[in-house]
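Student: I would like to learn how to read the features of a protein model. Please take me through them one at a time.

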Amino acid sequence: MSKPTLLILAAGMGSRYGGLKQLDPVGPSGETIMDYSVFDALRAGFGKVVFVIRPELEAEFDRVIVSRYRGTIEVACAFQRADDLPGGFTVPAGRTKPWGTGQAVYAAREVVHEPFAVINADDFYGAENFRQLAAFLTAEASGTALLRGALCAFRLDQTLSSFGTVSRGVCAADAAGDLAGVVEHTRLRREEDGVIRERGEDGSVSEFAGETPVSMNSWGFPPELFAELERKFLEFLRLHGQELKSEFYLPAAVDALIREGRARIRLLSSPERWFGVTYREDKPETEAGIRRLIEHGEYPRRLFAR
């Protein structure tokens, strides 16, 4: 079996962060969060990395990011464009942005032909996340009737920001321990009394236990996913294709496949603490967390030769 591929979603601008955070250094030798993901994936047994980026970023991305991996791991790029639509659909007048994480994964269909993991560019997942996904992707075979994938979830209390609300997909498990569904919650934060709550715009208040498993968009799939994504994308476009701000989200597509009985997603669990830069103020905490891991021998001070 071929080694699995790591697909990194790096096309977003990061509006709450205020800049192109995918290229922002957080490590002591100028490493980005993506560098740590590639390093962890490489030592977990992945054989290729594919970045999904915007076409206009290609030259800068190649200079700053892709060049550092050449000679270490096979690298390719796929491009997320608003007009990359199936079924003869066209972009409605006035729409400029692409169509969300589901379309971002769909954009890689021509360059990914083996089992693959999907992650965000701006999330630090830790080595155990990639070990679990690699083990699943090298052992699990997908049949034609039922797509078999995996989601590596994190504890909610390990994924919060001190500087504002976060969006997290709250996971539910079935009796077999597989993923039963993912529900997106967009306004989660730990309040002064230590309780994690979501306060809705309608005045509703929901509380969540710290150990609640949540999705950080760390998935494992066979290549058969692309055909299923195209089918779900077509359904989405028929309903929302004329809306200027609608988005085709990967978790929603997977959730629909589970409910339709077309997919079974194993729910894996990482014990590690997530780091991220949802807000610019998160960066010092992420840098400090990475320094601690280096001090404990988890990573070298320089990941790749420059």
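Tutor: We will go through strands, aromatic rings, a cavity and a pocket in turn.

Student: What should I know before starting?

Tutor: This is a predicted model, in which local features need pLDDT of at least 70 and side-chain atom pairs count only at pLDDT 80 or more, while totals for chains, interfaces and linings use all residues. Residues are numbered from 1 along each chain as its sequence is written, and side-chain values use heavy atoms, with hydrogens and water left out.

Student: How are helices and strands named, and what does it take for two strands to pair?

Tutor: Helices (H or I, at least four residues) and strands (E, at least two) are DSSP runs, numbered from the N terminus. Two strands pair if DSSP finds at least two bridges between them. Take strand β6, residues 147-155. With strand β12 (residues 263-269), β6 pairs in the parallel sense over seven bridges, and Leu147 has Ala263 in β12 as its bridge partner.

Student: How many bridges join β6 to β11, and do the two run parallel or antiparallel?

Tutor: There are five bridges between β6 and strand β11 (residues 213-221), and the two run antiparallel. Arg155 has Pro213 in β11 as its bridge partner, and Ala150 stands opposite Gly220 in β11.

Student: Which strand pairs with β11 over three bridges, and which over two?

Tutor: Strand β4 (residues 116-120) pairs with β11 over three bridges, in the antiparallel sense. Here Ala117 stands opposite Gly220 in β11. Strand β7 (residues 166-173) pairs with β11 over two bridges, again antiparallel, and the partner of Val170 in β11 is Val214.

Student: How do I read "buried", and how many residues of β11 are buried?

Tutor: Buried means under 20% relative accessible area, exposed over 50%, and partly exposed in between, with a 1.4 Å probe and protein chains only. In β11, eight of the nine residues are buried, so this strand is largely enclosed by the rest of the structure. In β6 the count is seven of the nine residues, so β6 is also largely enclosed.

Student: How is a pair of aromatic rings described?

Tutor: It is described by the distance of the centres and the angle of the planes. Rings of Phe, Tyr and Trp (its six-membered ring) pair if their centres lie within 6.5 Å; planes under 30 degrees apart count as stacked, over 60 as edge-to-face and the rest as tilted. A search of the whole structure finds 19 aromatic pairs. In one of them, Tyr106 and Phe233 have ring centres 5.8 Å apart and planes at 75°, so the pair is edge-to-face. Tyr106 is in helix α3 (residues 101-106) and Phe233 in helix α5, so the pair ties together parts 127 residues apart in sequence. Both Tyr106 and Phe233 are buried.

Student: Which residues have a charge over a ring?

Tutor: A charge sits over a ring if NZ of Lys or CZ of Arg is within 6 Å of the ring centre and within 35 degrees of the ring normal. Arg109 lies over the face of Tyr106, 3.9 Å from the ring centre. The charged end of Arg168 sits over the ring of Trp274, at 4.7 Å from its centre.

Student: How do I read a cavity or a pocket?

Tutor: On a 1 Å grid over the protein atoms alone, a cavity is a set of points where a 1.4 Å probe fits but cannot get out, and a pocket is an open set with protein on both sides within 12 Å along at least five of seven lines; lining residues have an atom within 4 Å of a point. Grid points are joined across faces, edges and corners, and a volume is the space filled by probe spheres set on the points. The search finds two cavities of 30 Å³ or more, and the largest cavity has a volume of about 70 Å³. Its lining includes Trp274, Gly276 and Thr286.

Student: Where is Gly276 found?

Tutor: Gly276 is in strand β13 (residues 275-276), and at 5% relative accessibility it counts as buried. The C-alpha atoms of Gly276 and Thr286 are separated by 6.4 Å, with the two residues ten apart along the chain.

Student: Which element gives the most to the lining of the second largest pocket?

Tutor: That is α5, with five residues. About 200 Å³ of space lies in this pocket.
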